[in-house]
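Trainee: Show me how to read a model like this. I would like to take it feature by feature.

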Amino acid sequence: MKLKFSNLFQVPLLKRLDVYIIKKFLGTYFFAIALIISIAVVFDMNENLDKFTDKGATWYAIITEYYLNFIPYFSNLFSPLFVFISVIFFTSKLAENSEIIAMFSTGMSFKRLMRPYMISAGLIALLTYFLGAFIIPRGSEVRLNFEDQYKKKKKVDYVHNVQMEVADGVIAYIERYEDYNKTGYRFSLDKFVDKKLVSHLTARRVVYDTLSANKEQWQLRDYMIRELEGNHEIIKRGDKLDTILHIQPRDFLISKGQQETMTSPELKSYVERQKERGFANIKEFEIEYHKRIAMSFASFILTTIGLSLSSRKTKGGMGLHLGIGLALSFSYILFQTISATFAVNANLPPVIAVWIPNILYAGIAVYLYHKAPK
């Protein structure tokens, strides 16, 4: 018997049951987000609204700059919790109504039942990664600026004794940099060739050009350049000089939460650039970069655990499943925080620290999958 190619396209990729489960999964997921984040917003308003208004924040700014960015940030942050709750909630309901037993009685395997769950988890993983890597960082920048102005000051306004390698063999030094006027004082730039000093530039001030399209545009004020050629020395002086320096204020003004305001491509570029310069304080940036990928992948692991737990009809019903699911999801988030702390304080490689919870819970998922009703 020959199978015609035309017959292949008559077989639907998603059957009615698949569509039903996907709708239930995603509908419960977004409902859980709306419910829990609404409660979180109410508690946050109760705690912070007086602080905002006392410091002069308008209602328009509170809503558009803070809460419209607060909601997506925390929704994405606790996405694993929402995935777990969603799977356990509606799957337990299916089990209580004997719908899963009916599916198995038709000859459907547990592996086949997982298909719509994995499709839903894949959609959630793509959504959370895209939001976390490209969209939410822009909103986080606005939210953190709002918090810095009306809640609690987190930004670093100045820094002393900045010394960085801005290019191969080129060392920059700033005695003091003040962010409010984008000005560094007592700036020097030394260029070395074969470990010999060939150029020494000094400037009383160096000003970062925020209006330029080039993000590395600076202006030197009251500068002097000494070019060393053997026993000869050429000196140039001037009042102003526009120049490109491969350095930006954010390279040395590191504020709390700054890594959350960068997109994933920006984080990757920043980490690589800082490593080339020998800058050590970048662990939190590496953790943030790898965490966005790991958190998205966690959707598949937690979906497998949730389905394996709640597909069996038990005496405890949905309450028991929800209790176990909440305990596991909160322990996952807690374990991820602990492992990230080890990366910062115990010199554990960030990529390993971030993926340890996924590896551990993947083992739990495999065990529960084998124990699930077939």
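Trainee: Which residues is Phe146 in contact with, leaving aside its neighbours within four places in sequence?

Mentor: Contact means heavy atoms within 4.5 Å. By that test Phe146 touches Phe52, Ala57, Ala61, Ile62, Glu65, Tyr66 and Lys151. Bear in mind that this is a predicted model: local features need pLDDT of at least 70, side-chain atom pairs count only at pLDDT 80 or more, and totals for chains, interfaces and linings use all residues. Residues are numbered from 1 along each chain as its sequence is written, and side-chain values use heavy atoms, with hydrogens and water left out.

Trainee: How many residues does the largest nonpolar core have?

Mentor: A nonpolar core is a set of buried Ala, Val, Leu, Ile, Met, Phe, Trp, Tyr and Cys residues joined through side-chain atoms within 4.5 Å. Buried means under 20% relative accessible area, exposed over 50%, partly exposed in between (1.4 Å probe, protein chains only). Here the largest core has 34 residues, and Phe52, Leu113, Tyr117 and Phe146 have the most contacts inside it. At least two residues each come from H2, H3 (59–77), H4 (79–96), H5 (99–105) and H6 (110–150). H2 gives the largest share, nine residues. Another core, of 22 residues, lies apart and includes Val159, Phe187, Tyr208 and Trp218.

Trainee: What span does helix H2 reach?

Mentor: Helices (H or I, at least four residues) and strands (E, at least two) are DSSP runs, numbered from the N terminus. The expected span is 1.5 Å times one less than the number of residues. H2 (residues 16–54) has 39 residues and reaches 55 Å from first C-alpha to last, close to the expected 57 Å.

Trainee: Where is the kink in H2 centred?

Mentor: Take the angle between axes fitted to the seven residues ending at a position and the seven starting there. In H2 a kink of about 50 degrees is centred on Asn48. After H2 comes Gly56, with a positive phi near 95 degrees.

Trainee: How many bridges join strands E3 and E4?

Mentor: Two strands pair if DSSP finds at least two bridges between them. E3 (residues 183–193) and E4 (residues 196–208) run antiparallel, joined by ten bridges. Tyr185 stands opposite Arg205 in E4. Two residues separate the strands of this hairpin, where Asp194 has a positive phi near 55 degrees. E4 also pairs with E5 (residues 217–229), antiparallel, over nine bridges.

Trainee: Is Asn358 buried or exposed?

Mentor: Asn358 is buried, because its relative accessibility is 2%. Asn358 sits in helix H10 (residues 350–371). A polar atom of the Asn358 side chain lies 3.0 Å from the backbone oxygen of Ala294.

Note on methods. A polar contact is a pair of N or O atoms within 3.5 Å; within protein, one must be able to donate a hydrogen and the other to accept it, and residues adjacent in sequence count only if both atoms are side-chain atoms.
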